[in-house]
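Me: I am new to this structure. Can you walk me through how to read it, one feature at a time?

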Amino acid sequence: MPNLDFDESFYFDPLMTCEERRKGSESFMLFVDSVLTLQAEANATLNRFYVKCEGVDQNSVLEWIPKVLKRGVLDIDLHIPSSRGFGSNSTFYPLPSEIFVSKTLVRLKIQFQDGVNVNVEGDVSLPMLKTLHLDYVKMDTRMFQKLLSGCHMLKELLLMNLIWEESSEPEPCYVTVSVPTLKILKFSRFENFVKAKDFKPIVLWSFDIPNLVFLEYLDTIADKYQHVRFDSLVEARLGLCKTSKQIKNDNNNVTKLFMGICNVKILYLTEDALKVLGCCRETMPVFENLIQLTIKTGLHVGWKSLPPLLKNCPNLQTLVFEGLNHIYRKRRSCGEENRPCMCKNLDNMRVKKDIDACLSSSSVKVIKILNFGDTGDFCQFWEIEEDCEFWEIVEDVADHIKQVKQFLETMPDLEQVTLYYNTPQDEDVMKVFKKLKKLRRVASANCEVQIISDNLNLSFTFR
């Protein structure tokens, strides 16, 4: 069976004028139409139908789908970027209903940055579908449920940049993801879902996916997790946050989610997910199988959830930080003028004591620090309205060096610490190298420190 691959980029020169590109796009569309007409006349079956183009009528591209479905196509892959960018005001072209009753389709991937809408009146029946990837998509929770119920062989489900559509269904909306064959699940709301003016229903989630091995979940915390089961999960990437309307300390709900993934071996947490995890510091589940943990840090998030998390990862081997920036609580000044308050130092001592305690009992052998020295661009102080306290940022290179020293001085099983310093300034790299090398006391009996920059690759070993 033949493959039909159409990539408009091969037709264009970067120096073309807008008018030349417009005419080129029209020629491209006519060419694809003519090929599909010839295919229909020959009654030829299709294995793959791939189209990548821009500056075209996206609705016309969708009209090609029924034509290739008649040819028994197995794989449809459509990618159309938009110059306007995706948002709640996008067009959201409706996907043809024929696509949801195909008896032959094995793989469906549609990325329309102007958005697509999924709304099928009848039942969904995709008995052969194994991979479903929809990017920039709008549907209501009822349709989401119907879509999953019609895919009995699904192994990979990727729903990216999802916007919930308003529905006449009464709230709360019950959504269950229960596909026994599913191995990979990537689910993310619209990339700016916190600011987007899309419909935000009250959603009660249930995950019952016993054979899932990879999970990527980017969303606001659900209003309630009814059931969470990921028995076979190997890797999870969580990017979760709370809306202003959600309960500030919803410990039970957050704990239930993390209890469901506690068998994971590889875990990635965004800075917002780390903040959400702080809700269950007292009820933190034990991640018995976790061997690699990656934490993306941020200037607006503290590390108060880090000590209990590390304490509950008894077999952790590799710890990766994407940056070392974070904030810590600083009390209001209670000293007199010209007499600095000691509260900041006291708070620092408490934080350091908590972190030292968990690090000294940690089994971590390898630490990798990406974006070392990345200092961000926020101001030094700002007020947090919710508790009327002040926070101070750990953001400069000196702070980062202190953090690395703390790791070296307290973690007894460390074998390797690698800093990825994104700077072309060799002098800055040498300063960090010399400061770390001067350390007189380290906890590990044999630890290699490596600094990798744009131009240098330096290392030394503590023995």
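Reply: Start with how elements are named. Helices and strands are DSSP runs, numbered from the N terminus, and a helix needs at least four residues. Take Thr 141 as a case: Thr 141 is found in helix H4, residues 141-149. Keep in mind that this is a predicted model.

Me: How many helices and strands does the protein have?
Reply: There are 10 helices and 23 strands. Of the 463 residues in the protein, 50% are buried. Now look at contacts with a separation of 6 or more: residues 24 or more positions apart account for 71% of them.

Me: Back to Thr 141. Is Thr 141 buried or exposed?
Reply: Buried means under 20% relative accessible area. Thr 141 has 7%, so Thr 141 is buried. Set aside its neighbours within four places in sequence. Thr 141 is then in contact with Trp 164, Cys 173, Val 175, Pro 201 and Val 203.

Me: How do I read a pair of aromatic rings?
Reply: Two values describe the pair: the distance of the centres and the angle of the planes. The count here comes to 18 aromatic pairs. One of them joins Phe 144 and Trp 205, at 5.8 Å centre to centre with 75° between the planes. That pair is edge-to-face.

Me: Which parts does the pair of Phe 144 and Trp 205 tie together?
Reply: Phe 144 lies in helix H4 and Trp 205 in strand S10, so the pair ties together parts that are 61 residues apart in sequence. Phe 144 is buried, at 1% relative accessibility. Trp 205 is buried too, with a relative accessible area of 2%.

Me: What other ring does Trp 205 pair with?
Reply: Trp 205 also pairs with Phe 207. This pair is stacked, with 5.2 Å centre to centre and 5° between the planes. Phe 207 is buried, with a relative accessible area of 4%. Ring pairs also build a cluster, which links Phe 144, Trp 164, Phe 187, Trp 205, Phe 207, Tyr 217 and Phe 230.

Me: What about cavities? How many are there of 30 Å³ or more?
Reply: A cavity is a place where a 1.4 Å probe fits but cannot get out. The count comes to one cavity of 30 Å³ or more. The largest cavity has a volume of about 40 Å³.

Me: Which residues line the largest cavity?
Reply: The lining is made of Phe 144, Leu 157, Leu 159, Val 177, Leu 185, Phe 187, Trp 205 and Phe 207. Strand S7 (156-164), strand S9 (184-189) and strand S10 (203-208) each give two or more residues to this lining. By type, the lining has eight nonpolar residues, no polar and no charged.

Me: Now a helix. How do I check the span of H1?
Reply: Count 1.5 Å a residue, then compare the ends. Helix H1 covers residues 18-42, so its 25 residues should span 36 Å, and its end C-alpha atoms are 36 Å apart, which agrees. Next, look at which way residues point. An α-helix has 3.6 residues a turn, so residues three or four places apart point the same way. The buried residues of H1 are Gly 24, Ser 25, Phe 28, Met 29, Val 32, Val 35, Leu 36 and Gln 39.

Me: Which elements do the buried residues of H1 pack against?
Reply: They pack against strand S1 (3-7), strand S2 (48-52), helix H2 (58-62) and helix H3 (64-69). After H1 comes Asn 43, whose phi is positive, near 55°.

Me: Let me try the span check on H9. What should the span of helix H9 be?
Reply: Helix H9 runs over residues 397-410, so its 14 residues should span 20 Å; the end C-alpha atoms are 20 Å apart, which agrees. The buried residues of H9 include Ile 401, Val 404, Phe 407 and Leu 408. His 400 is also in helix H9, and His 400 is buried, with a relative accessible area of 0%. His 400 and Gly 323 are 77 residues apart in sequence, with their C-alpha atoms 8.8 Å apart in space.

How values were computed:
Residues numbered from 1 in each chain as written. Predicted model: local features only at pLDDT ≥ 70, side-chain atom pairs only at ≥ 80, totals over all residues. Heavy atoms only, no water. Expected span 1.5 Å × (residues − 1). Buried < 20%, exposed > 50% of the residue type's maximum accessible area, 1.4 Å probe, protein only. Contact = heavy atoms within 4.5 Å. 1 Å grid on protein atoms, 1.4 Å probe; cavity = no way out; pocket = protein on both sides within 12 Å on 5 of 7 lines; lining within 4 Å. Points joined across faces, edges and corners; volume = space filled by probe spheres on them. Nonpolar A, V, L, I, M, F, W, Y, C, P; charged D, E, K, R; others polar. Phe/Tyr/Trp six-rings, centres within 6.5 Å; stacked < 30°, edge-to-face > 60°.
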